[in-house]
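Please look at the sequence and the model below before reading on.

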Amino acid sequence: MEPIIGIDLGTTNSAVAHLTPTGPELIPNSLGGRVTPSVVGLDESGTVFVGAAAREFQVLRPDRCAALFKRYMGTDRTLPLGGKTFTPEELSGLVLRALKSDAEAFFGQPVTRAVITCPAYFNDRQRKATIAAGRIAGLTVERILNEPTAAAIAYGFHEAGQDRRLLIFDLGGGTFDVSIVELFDGTLEVRSSAGETSLGGEDFTRSMAARVLEMIGMSFERAEATTPLLVARLVQQCEVAKCRLSREETAVVRVPDAAGEFKNAKDVTVTRENLETWANPILARIELPIRRALADAKSTRDQINEVILVGGATRMPLVIRRVKEMFGKDPHRRLNPDEVVALGAAVQAGLVGRAGAVEDLVVTDVAPFTLGVEVAKHFGGDLQNGFFDPVIDRNTTIPVSRVKRYTTVAPNQRSLAVKVYQGEGRKVTDNLLLGEFDVGGIPAGPAGQEVDIRFTYDMNGVLEVEATVVSTKRKVTHVIARHAKGLTEEQVRRAVREMEKLKAHPREEAVNRFLLARAERVFKELPADLRRALGELLDGFEAGLETRDPEAIAKHQEALNIFLSLHDPAGDDPTGNAE
Ligand code: ADP
Ligand code: MG
């Protein structure tokens, strides 16, 4: 049978996993890594590449790389990349295509079905954008699963049989999500979810970059506008330093010159205390979603048996300390915080495919937002439009179907405009318009003709709205999916064609490509004598590649790797296997 894969499509890192008879397991990428950076590069020859090589390339050629595009999913924003523009769906599609091909290499057969995760707080549009990205990659998205739910599923799978209430605390590169989950009798029930769509580790890195520039009398905004290479390299330096400060007390950030060169770099020493002072005001923003999730789950902090940490940014000692202060106990990280979401997605994929290993697990999730329609209200004799009337309250268990009765407001009103919104505001202007349609065929008569509006919210968080004219039983059904402002069928088809035109590098070349990109970056950072040495190694490596002789290539690879491990020890581990 064709395997169904589980994918964590992250802002910073993505991962793919599958369910084995003994549990979920990560599928390695072409570099042997367990996670793949969500970065897309496009070189001069029009070839795309994804992952660690693109992340390295980004430091030297930010104009030829795109990252963090998940933040723009479901918006009209496009991103420039190598002189072209791409939608966030297309870029995510390219990441998914790489993961799909890793899975195909792993299984030795085509893979076309996947469960993909998204932040619980993703709205309807963002979810549909995620489904579109999957389709652009040639994947049928069997289920969109909330990331914290996926994490809980991974824990639930590994630690079944213990009845507990968990709080899943997921702080990734760009988003913060919190969910409260109940585990009992082989059932996993999400009680509530809340979050912030723009709060994550990147914010710490960028704030660090800004402060470091400030320390040497420069402005980040100005640098961003005028010296993009300096900023790209500085941000990369800060990223490495930030992670180092999770283990050590100080780290040095080298600020390159305006051209991004390190010849006259200024060294700035940053302490963990510095970083924590800068990070604190950002981290303060976790409070509100936590309070809301607790309130919606009708839970106190004391009733949380365990706090589970998910996401790379939870490696920061400050974050761990803050969580401990809030809940009065040490948070848990038994499963790798980078992998747990993909593992949970793989279990869900097993549920979809009815794998034997998960027969007993029942999972229920909640709608993260209130869904409703616009209504008019009478104030004295005045009729005022623009009010939001909830049909499904936020954090209602899904799938769910709710019906509410509405009436016409004018005599002989023959049609009713149904405007569907999502959000928590009392006025519709504060909420997100998901779609609208007209219900015609209402019989003539006085005001007060009845129309039932039914909202059906499925497991993927996709909404269907049905209106019935009560007196005639006439029904109008509207699947928001097809009319939402996301990509239309035709747009998806066009994107598929466009993305197929882009050449991809053969998988076998991935290792060499990563090595080259990393060496090129390090080259720029080195003093003259070491530069010469690395230059020679690089020449040898490129000559070796020309010969296509595997033995010669391996020899040069090794020499380069030894050099890099000595002179770029802080360099990113392409495999993502480092703890
Ligand atoms: P996402 O789910 O958004 O793709 P991840 O869960 O992979 O993100 O987390 C990525 C974030 O975690 C990045 O901002 C990265 O800097 C941060 N991170 C990873 N390791 C560490 C560490 N050791 N210390 C501090 N931050 C870290
Ligand atoms: Mg994540």
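Domain bounds, as used in this report, come from an automatic or database domain assignment. This is a predicted model, in which local features need pLDDT of at least 70 and side-chain atom pairs count only at pLDDT 80 or more, while totals for chains, interfaces and linings use all residues. Residues are numbered from 1 along each chain as its sequence is written, and side-chain values use heavy atoms, with hydrogens and water left out.

**Domains 1 and 3**

The assignment gives the protein three entries, domain 1 (201-283), domain 2 (371-479) and domain 3 (507-567). The centres of domain 1 and domain 3, taken over C-alpha atoms, are separated by 27 Å. To their contact (heavy atoms within 4.5 Å), domain 1 gives 6 residues and domain 3 gives 4 residues.

The size of an interface is often given as the accessible area lost when the parts come together. Buried area here is the accessible area (1.4 Å probe) that two parts lose on being put together, summed over both. Between domain 1 and domain 3 about 490 Å² is buried, with 31% of it on carbon and sulfur atoms. Of the area that domain 1 buries against domain 3, 62% is supplied by R233, Q236 and E261, more than by any other three residues.

A salt bridge is a side-chain nitrogen of Lys or Arg within 4 Å of a carboxyl oxygen of Asp or Glu. There are 3 salt bridges between domain 1 and domain 3, and R233 forms a salt bridge with E525, where the closest N and O atoms are 3.0 Å apart. Helix α7 (residues 228-244) provides 3 residues, the largest share of the side of domain 1 that touches domain 3.

**Two sheets**

Helices (H or I, at least four residues) and strands (E, at least two) are DSSP runs, numbered from the N terminus, and two strands pair if DSSP finds at least two bridges between them.

Strand β5 (residues 39-42) runs antiparallel to strand β6 (residues 47-50), and 3 bridges join them; V40 has V50 in β6 as its bridge partner.

Strand β19 (residues 371-379) is joined to β20 by 8 bridges, the two running antiparallel, and K377 has Q384 in β20 as its bridge partner.

Note on methods: Chains are lettered from A and ligands numbered from 1 in the order in which they are written.
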